[in-house]
Amino acid sequence: VAFQGEHGAYSEEAVFQHFGDKVATLPCQSFEDLFAAVESGEAAYGMLPMENSQAGSINKAYDLLMDFDLRVHGETILRVQHALMALPREDGEANPLKVRSHPQALAQCENFLKSNGLAAQAGADTAGSAKEIADGNLRDVAAICSRLAATRYGLKILQLGIEDNKFNFTRFWVGGEGRGGEGGGGGGVLVSKHGDAGDGDR
């Protein structure tokens, strides 16, 4: 199952929630790469983030559904729980005062960052920030991302559930070719750029 982002992204977490933790995943750099992977048969399905309760609709995903003419095979709603994480601390080592993540994740944790005197650094994405910290052995920077990313990159969770608004959910659609309804629930529907697909997108 293809998803956009690095391993440990919330989209990959949604894949495991929907298909189970034994499914093989394919990280894609962009939404275009994700759709191309499904269309070419490299991936059977793609996990598409369509709407976030805080940020609204993700128009790029709607546009590409039309451009590639894929079908919706299922839906999953993921509770987004942001975690602050860093490389494991040595004895007496202070926690980082700089935090890197996707701008949207930083915005969703703004009050937490301010109240703890933490400086925000914009990164390309959430899991990508965790990967950069692990690969570069960056001990002075923490990341905001999923618990899955902490496991993937060997980071220690310093605090879980740091989002300012706990009502933070993302709706994902499972996109694929052929007839809809084969990807673990949900009927096959064609969607418009505005999500007018009957009740399937509500």
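Visitor: What share of the chain's contacts with a separation of 6 or more comes from residues 24 or more positions apart?
Guide: This is a predicted model, so keep that in mind throughout. Take the contacts in the chain with a separation of 6 or more, then pick out those between residues 24 or more positions apart. Their share is 73%.

Visitor: And how many helices and strands does the chain have?
Guide: The chain runs to 202 residues, 46% of which count as buried. As for its elements, they come to 7 helices and 11 strands.

Visitor: In what order do the 5 strands of the open sheet sit?
Guide: Start at the edges: β8 (119–122) and β10 (156–160) each pair on one side only. The pairing in this sheet is mixed, and neighbouring strands are turned by 30 degrees against each other on average, direction ignored. Reading across, you get β8-β7-β9-β6-β10.

Visitor: Which residue of β9 is the bridge partner of Ala83?
Guide: Strand β6 covers residues 83–86 and strand β9 covers residues 141–145. The two run antiparallel, with 3 bridges joining them. Ala83 has its bridge partner in β9, and that partner is Cys145.

Visitor: Which helix packs on that sheet, touching β7 and β9?
Guide: Look for a helix whose direction makes about 150 degrees with that of β9. The one that touches both β9 and β7 (98–101) is α6.

Visitor: Is Asn52 buried or exposed?
Guide: Asn52 is found in strand β3. Its relative accessibility is 6%, and the cut-off for buried is under 20%. So Asn52 counts as buried.

Visitor: How far apart in space are Asn52 and Thr170, C-alpha to C-alpha?
Guide: In sequence they're 118 residues apart. Still, Thr170 is among the contacts of Asn52 once neighbours within four places are left aside, a list that also includes Val80, Gln104 and Phe169. C-alpha to C-alpha, Asn52 and Thr170 are 4.3 Å apart.

Visitor: Which residues lining the largest pocket are the closest to its centre?
Guide: About 630 Å³ of space lies in that pocket, and 27 residues line it. Elements giving two or more residues to the lining include α1 (10–19), β3 (46–52), α6 (126–136) and β11 (169–176). The closest to the centre are Gln4, Pro49, Ile58, His102 and Gln104.

Visitor: How many of the lining residues are charged?
Guide: Set aside the 12 nonpolar residues in the lining of the largest pocket, and the 13 polar ones too. The charged residues number 2.

How values were computed
Residues numbered from 1 in each chain as written. Predicted model: local features only at pLDDT ≥ 70, side-chain atom pairs only at ≥ 80, totals over all residues. Heavy atoms only, no water. 1 Å grid on protein atoms, 1.4 Å probe; cavity = no way out; pocket = protein on both sides within 12 Å on 5 of 7 lines; lining within 4 Å. Points joined across faces, edges and corners; volume = space filled by probe spheres on them. Helix = DSSP H or I, 4+ residues; strand = E, 2+ residues; numbered from the N terminus. Nonpolar A, V, L, I, M, F, W, Y, C, P; charged D, E, K, R; others polar. Pairing = 2+ DSSP bridges. Axes fitted to C-alpha atoms, helices over the stretch in contact; angles between N-to-C directions. Contact = heavy atoms within 4.5 Å. Buried < 20%, exposed > 50% of the residue type's maximum accessible area, 1.4 Å probe, protein only.
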